[in-house]
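Please look through the sequence and the structure shown below before reading on.

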Amino acid sequence: MGAKLLGIGSYLPEKILTNKDLEKMVDTSDEWITTRTGIKERRVSSPSQASSDLGYQASLKAIENAGIVKESIEMIITATITPDMFFPSTACIIQEKLGLDNIPCFDLSSACAGFIYGLEIARSFIDSGKYSTILVIATDCMSKVTDYTDRSTCILLGDGSAAAVVGKSKDDIGILDSYLGASGKYARLLYMPAGGSRQPASIETVTQRLHYMKMEGSAVYKVAVTSMVDAVNVVLKKAGLSKDDISLFIPHQANLRIIQAIGKTLDVPMEKIFVNIEKYGNMSAASVGVAFDEAIRNEKIKNGDTICMVSFGSGFTWASNIIKL
Ligand code: UT7
C-alpha cells in the first residue's frame, strides 16, 4: 500500500505588491529585481489575515478537489514558519475553522521544505496503516516577518498557501519516493533572531528589528543550488528512475537564477521545469504546493505523468519527492 494525493488546492491573498511599489519603499529597481531574481510581483495578506486564514481557504479547495467529505480527514499537518501564534498550533486553528474536532493536529517547522516534509510524514502514517486520510497544508505569510526597510530580503518574499488531501493508493500511482535532509550548521544564514525563547520579545528586540527574517543571500544561494541538485539526484536514485522519466520538475521558487542553475547542472531544459516565481516570489512552504496546483490546473501535467518536487530553506532543510499522477 502507498499514498497518493486525492486532491490539491491553493489560495493566494488578493493584494499584489509589484516591483514598482517596492521602488517607492526601498532603494531598488524593477530592473534589478527582475534580472537578479525573476520576480515581478508577490501577494501580501491583509492586516487581518494570518497563515491559518490562507491555509483554511486552500484546505477547502483541496477537500473539494478530492471529492471527500471533510469528516473523513483523520489528521491535519500544517507546515509553516509564520504560525498565527506560537501556540496553539496553526493546524489546531485550521481544524476549528473546518468544523472538525478530535483528530490529531500539529505544525511542522521545516521552512520552504515544509510541504514535501509534510507529504512524506502523511505518507508514512498512511503506510503504517494507522491513518487513511490526512490533510497536509503549507501556509506562510512571509510579509509578516519581512523587514520592508531591508532591500536584500523584502523584494523576495510573498504570502500564499497550498493544501493536499493524502490518502491510500492501491495501485502504482502516488508518492513513489521522498528524500528529506537538514543541516543545522547553517541555521544563522537564514533566520529570525528574536521572538522565541532565545531572545524573547522586548522593547530592545523590536527596536533592533530582530523580529524580521535575516538572510545572508549569496551564501544561501550557493547551498540552495547544490542541495537541490543533490536532492533531485538522490530521490531519482531511490526511486530507480532517471531524469528523463520525469515529465515536470517543480522546484522551490526562491530565485529564477537558482532554478536555472539547477536545470543547467542537471542538464534538464527549462521547458521541463515549472516556474511561477514572477507572480508570487518566495512563499516559503507554500511555493512548491502552489506551483504543483497551478501545473495541474494549467494542464502542464496530467494523469500518468511523473513529477519531481524539490525544495530548500531555513535550517537548512531540503526535500524532494517523486509523484506519479
Ligand atoms: O527560500 C529560502 C532560500 N532563499 C534563497 O534561496 C535566496 C538565495 N539568495 C538570493 O536569491 C540572492 O542572493 C539575492 C537575490 C538575495 C541577492 O542577489 P545577489 O546576486 O546574490 O546579490 P548580492 O547579495 O551579492 O548583492 C549584490 C549587490 C550589492 O551591492 P554592492 O555591495 O555590490 O554595491 C547589494 O547591496 O546588489 C545590492 N542589492 C540590491 N540592489 C538593488 C541587494 N539587494 C538589492 C535590491 N536592489 N533589492
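## An exposed loop residue

Once residues up to four places away in sequence are set aside, Ala201 touches Gly195 and His211. The model is a predicted one, and in it Ala201 sits in the loop that runs between strand 9 (190-191) and helix 7 (203-207). Ala201 and His211 are ten residues apart in sequence, and their C-alpha atoms are 8.1 Å apart in space. Is Ala201 buried or exposed? Its relative accessible area is 59%, and the cut-off for exposed is over 50%, so Ala201 counts as exposed.

Thr78 belongs to strand 4 (residues 75-79), and because its relative accessibility is 0%, Thr78 counts as buried. Leaving out residues up to four places away in sequence, Thr78 touches Thr90, Ala91, Ile94, Phe106, Asp107, Leu108, Ile137 and Thr139.

Asn321 is part of strand 13, and with a relative accessible area of 0% Asn321 is buried as well. Its contacts, apart from neighbours within four places in sequence, include Ile116, Leu119, Ile175, Asp177 and Ser178, and also Val235, Ile307, Cys308 and Met309. Gly263, which is found in helix 9, has a relative accessible area of 3% and is therefore buried. Beyond its neighbours within four places in sequence, Gly263 is in contact with Val268 and Ile273. Gly263 and Asn303 are 40 residues apart in sequence, and from C-alpha to C-alpha they are 24 Å apart in space.

## Two domains

The protein is divided into domain 1 (2-171) and domain 2 (176-324), and the C-alpha centres of these two domains lie 14 Å apart. Where the domains meet, domain 1 brings 43 residues to the contact, while domain 2 brings 49 residues.

In soluble globular proteins, nonpolar side chains tend to be buried together. In this model the largest nonpolar core has 41 residues, and the members that touch the most others are Met228, Val232, Phe249, Ile258, Cys308, Phe312 and Phe316. Two or more residues of this core come from each of helix 8 (217-239), helix 9 (256-266), strand 12 (306-313) and strand 13 (317-324), and helix 8 supplies the largest share, with ten residues.

Rolling a probe the size of a water molecule over the atoms shows where empty space is left. How many cavities of 30 Å³ or more does a search of the whole structure find? The search finds one, and about 40 Å³ of space lies in the largest cavity. The residues that line this cavity are Val232, Phe249, Pro251, Ile262, Leu266, Ile273 and Val310. Strand 11 (248-251) and helix 9 are the elements that give two or more residues to the lining. By class, the lining of the largest cavity has seven nonpolar residues, with no polar and no charged ones.

Strand 1 gives the most, with eight residues.

Which classes of residue make up the lining of the second largest pocket? Eleven of its residues are nonpolar, six are polar and six are charged. Both domains take part here too, since at least three lining residues of this pocket are drawn from each of domain 1 (2-171) and domain 2 (176-324).

Definitions and conventions: Residues are numbered from 1 along each chain as its sequence is written. This is a predicted model: local features need pLDDT of at least 70, side-chain atom pairs count only at pLDDT 80 or more; totals for chains, interfaces and linings use all residues. Side-chain values use heavy atoms; hydrogens and water are left out. A nonpolar core is a set of buried Ala, Val, Leu, Ile, Met, Phe, Trp, Tyr and Cys residues joined through side-chain atoms within 4.5 Å. Buried means under 20% relative accessible area, exposed over 50%, partly exposed in between (1.4 Å probe, protein chains only). Helices (H or I, at least four residues) and strands (E, at least two) are DSSP runs, numbered from the N terminus. Ala, Val, Leu, Ile, Met, Phe, Trp, Tyr, Cys and Pro count as nonpolar, Asp, Glu, Lys and Arg as charged, and the others, Gly among them, as polar. Domain bounds come from an automatic or database domain assignment. On a 1 Å grid over the protein atoms alone, a cavity is a set of points where a 1.4 Å probe fits but cannot get out, and a pocket is an open set with protein on both sides within 12 Å along at least five of seven lines; lining residues have an atom within 4 Å of a point. Grid points are joined across faces, edges and corners, and a volume is the space filled by probe spheres set on the points. Contact means heavy atoms within 4.5 Å.
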